Amino acid sequence: MFKITLSEQDEKLVATLIGDLDNAASTEAARGFEPVFERTDCNVLIDCTELNYISSSGLRILLNLYKHTHSNGHWVILKGISDDIREVLFLGGFTQLFIIED
């Protein structure tokens, strides 16, 4: 099961991810991120505190989000990532793209 919620906080768009962002959830996740892709005026904080798993499809969504946000002069911040997800991000070279907060 996967769930995404969006809110605004401290001049950032906050996306909270819950569950497994696997291949089956990637379509739902892409739909959930649509409002983020419509914005060009703020940084994006992705709260991964309750994210259990991320697949290559999930990584592709994050990469597209990075490209969109960075091209508009803003950043994507990943917060609360688990050690397992941190390792996946590191192995894929994603830790160099995002700001990572504990």
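Student: Which residue forms a salt bridge with Arg 39, the closest N and O atoms being 2.9 Å apart?

Tutor: Here is the general idea: side chains of opposite charge can pair when their charged atoms come close. In this predicted model, the partner of Arg 39 is Glu 8, with 2.9 Å between the closest N and O atoms. The two belong to distant parts of the chain, 31 residues apart: Glu 8 is in strand 1, while Arg 39 is in the loop between helix 1 and strand 3.

Student: Is Glu 8 buried or exposed?

Tutor: Glu 8 is exposed, with a relative accessible area of 56%. Arg 39 counts as partly exposed, at 24%.

Student: Which residues are linked with Arg 39 in a network of salt bridges?

Tutor: That network links Arg 39 with Glu 8 and Asp 41. The Asp 41 side chain meets that of Arg 39 at 2.9 Å, N to O.

Student: How many salt bridges does a search of the whole structure find?

Tutor: The search finds three. One of them joins Arg 86 and Asp 102, whose closest N and O atoms are 2.8 Å apart. Arg 86 lies in helix 3 and Asp 102 in the segment after strand 5, so this pair ties together parts that are 16 residues apart in sequence. Asp 102 is exposed at 76% relative accessibility, whereas Arg 86 is partly exposed at 28%.

Student: Now the rings. How many aromatic pairs does the structure hold?

Tutor: To read a ring pair, look at the distance between the centres and the angle between the planes. There are two aromatic pairs here. Tyr 66 and Phe 98 are edge-to-face, with 5.8 Å from centre to centre and 70 degrees between the planes. Since Tyr 66 is in helix 2 and Phe 98 is in the loop between helix 3 and strand 5, the pair ties together parts 32 residues apart in sequence. Phe 94 and Phe 98 have planes at 5 degrees and centres 6.3 Å apart, so they are stacked.

Student: How many disulfides does a search of the whole structure find?

Tutor: A disulfide is a covalent bond between the sulfur atoms of two cysteines. The search finds zero.

Methods: Residues numbered from 1 in each chain as written. Predicted model: local features only at pLDDT ≥ 70, side-chain atom pairs only at ≥ 80, totals over all residues. Heavy atoms only, no water. Disulfide = S-S within 2.5 Å. Phe/Tyr/Trp six-rings, centres within 6.5 Å; stacked < 30°, edge-to-face > 60°. Helix = DSSP H or I, 4+ residues; strand = E, 2+ residues; numbered from the N terminus. Salt bridge = Lys/Arg side-chain N within 4 Å of Asp/Glu carboxyl O. Buried < 20%, exposed > 50% of the residue type's maximum accessible area, 1.4 Å probe, protein only.
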